[in-house]
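Reader: I would like to learn how to read local features off a model. Can we work through a few cases?

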Amino acid sequence: MSLSTISDFLDPISRSAILEDEPLSDHQLGRYISCYDEEFPDLEDAELVLIGCCEMRGASAAAAPSNAANQVRKELYRLFHWHTDVRLADIGNVKTGARLQDSYAALSSIVKELIEAGKKVLIIGGSHDNTLAQYQAYGAMDKIIDAVVVDARIDINMEGVFPEEMFLVEMFTGVPNFLRHFTHIGFQSFFTHPDMLEMIDRLRFDCFRLGKVKESIELMEPLIRNSDMFSFDISAIQHAHAPANLLAPNGFSGEEACTLLQYAGMSSTCSSFGIYGYIPEQDLHQMTARQISQMIWYLIDGIRTGREEASLKNLHEFNIYNLAFAEISTVFLQSKRTGRWWMRIGEEKFIACSYQDYKTASNNDIPEAWLRAVERQDS
């Protein structure tokens, strides 16, 4: 497959049919997205490429292809266009394969080609196990990555029946393995076996409970900033803000979900994003589709904001703090443009961190983020 042939694995969409022939004004987003309608769009200038995913058999063997992506498009295209310098393309929906694995292979191949072409990729729709195909795109490039997943549950149910319940097992244990680090954001304790957290900790991966994240959501920004791929299950959002989520009444607010997507967009290393688990038949007044469309709007906003950040090679753009804690000497950098922080691990590598990490080091204590990063280097 190449960038010129990925259309063979995609079904075009009809913008007019999605919008039910409702005209768009000159200021609405849908007017500025290059769509795969009659002809495959030119992707040369596109920075973010949207892909619809219809595959739901990972959640139910009898599930029919989902119309989730088109329902989200219907709401997304109507939003107002503020980020005129972020070029967008929508290349339609991945064809559903004869088998679930065929759908995975098609999605993975498309994502791989787009990332290799320097594009950021957004996958909309499908059950959450399609995250595995998103991950496999990096494996096909022999690229070792950091992954972030936002979900009310940690999908390692060894007694589960469907891939959606256990796809993380393959990500964690598959050979060859391309997962350097994994961060889970927003798990709810009553859905999580305590032994599961112990197992993840032994792997030196990180999990953050919903309540802890809501207390200080800004501490998630450096973790997401370090990532290469980002996956979001709408079960992580409160039912009141995403009525199609029938798992639990609790979760992130709509605003918090938008913030996490904005953080993902701001990352210079994160190249693929997935928003999964939306079932239109369970929605109420299309409110979940509207929620997802606004999350995507904030993802675009994050991409625009991330451009303002200076390269770490230009040290004159940063405040430099040389610190010693617990007999360890290191360097913290604070961006003069955005106020974000980095800390040095080893002799040359810098990782994203928070102001809280800097304060911890200033008090001669070892920041947890520094310790975990060093543990992973030594393992």
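Reader: Where does Pro23 lie?

Author: This is a predicted model. Pro23 sits in the loop between helix 1 (15-18) and strand 2 (33-35).

Reader: Is Pro23 buried or exposed?

Author: The cut-off for exposed is over 50% relative accessible area. Pro23 has 68% relative accessibility, so it counts as exposed.

Reader: What separates the C-alpha atoms of Pro23 and Glu215?

Author: A distance of 42 Å. Along the chain, the two residues are 192 residues apart.

Reader: Which side chain makes a polar contact with the side chain of Glu309?

Author: That of Arg340, at 3.3 Å. Set aside the neighbours within four places in sequence, and Glu309 is in contact with Phe318, Ser335, Arg337, Thr338, Arg340 and Trp342.

Reader: On to helix packing. At what angle do the axes of helix 2 and helix 10 cross?

Author: Read the angle, then the handedness, then the residues. The axes of helix 2 (residues 68-76) and helix 10 (residues 287-306) cross at roughly 65° and come within 8 Å. Angles of 65 to 115 degrees count as roughly perpendicular. Helix 2 is therefore roughly perpendicular to helix 10. Their crossing is right-handed.

Reader: Which residues of helix 2 and helix 10 meet?

Author: Helix 2 brings Gln71, Val72, Glu75 and Leu76. They meet Ala289, Arg290, Ile292, Ser293 and Ile296 in helix 10. By type, the residues of this contact between helix 2 and helix 10 divide into 5 nonpolar, 2 polar and 2 charged.

Reader: Backbone torsions next. What kind of peptide bond joins Val175 and Pro176?

Author: Check omega. It is about -5° here, and the bond between Val175 and Pro176 is cis. Pro176 lies in the loop between helix 5 (167-173) and strand 7 (179-187).

Reader: And phi? What is its value in His285 and in Gln286?

Author: His285 is not a glycine, yet its phi is positive, near 55°. Gln286, also not a glycine, has a positive phi of about 60°. His285 is in the loop between strand 10 (272-276) and helix 10. Gln286 is placed in the loop between strand 10 and helix 10.

Reader: How accessible are His285 and Gln286?

Author: His285 has a relative accessible area of 58%, so it is exposed. Gln286 has 35% relative accessibility, so it counts as partly exposed.

Conventions:
Residues are numbered from 1 along each chain as its sequence is written. This is a predicted model: local features need pLDDT of at least 70, side-chain atom pairs count only at pLDDT 80 or more; totals for chains, interfaces and linings use all residues. Side-chain values use heavy atoms; hydrogens and water are left out. Axes are lines fitted to C-alpha atoms, for helices over the stretch in contact, and angles run from 0 to 180 degrees between N-to-C directions. Helices (H or I, at least four residues) and strands (E, at least two) are DSSP runs, numbered from the N terminus. Angles under 35 degrees count as roughly parallel, over 145 as roughly antiparallel, 65 to 115 as roughly perpendicular and the rest as oblique. A crossing is left-handed if the near helix is turned anticlockwise from the far one by less than a right angle, and right-handed if clockwise. Contact means heavy atoms within 4.5 Å. Ala, Val, Leu, Ile, Met, Phe, Trp, Tyr, Cys and Pro count as nonpolar, Asp, Glu, Lys and Arg as charged, and the others, Gly among them, as polar. A polar contact is a pair of N or O atoms within 3.5 Å; within protein, one must be able to donate a hydrogen and the other to accept it, and residues adjacent in sequence count only if both atoms are side-chain atoms. Buried means under 20% relative accessible area, exposed over 50%, partly exposed in between (1.4 Å probe, protein chains only).
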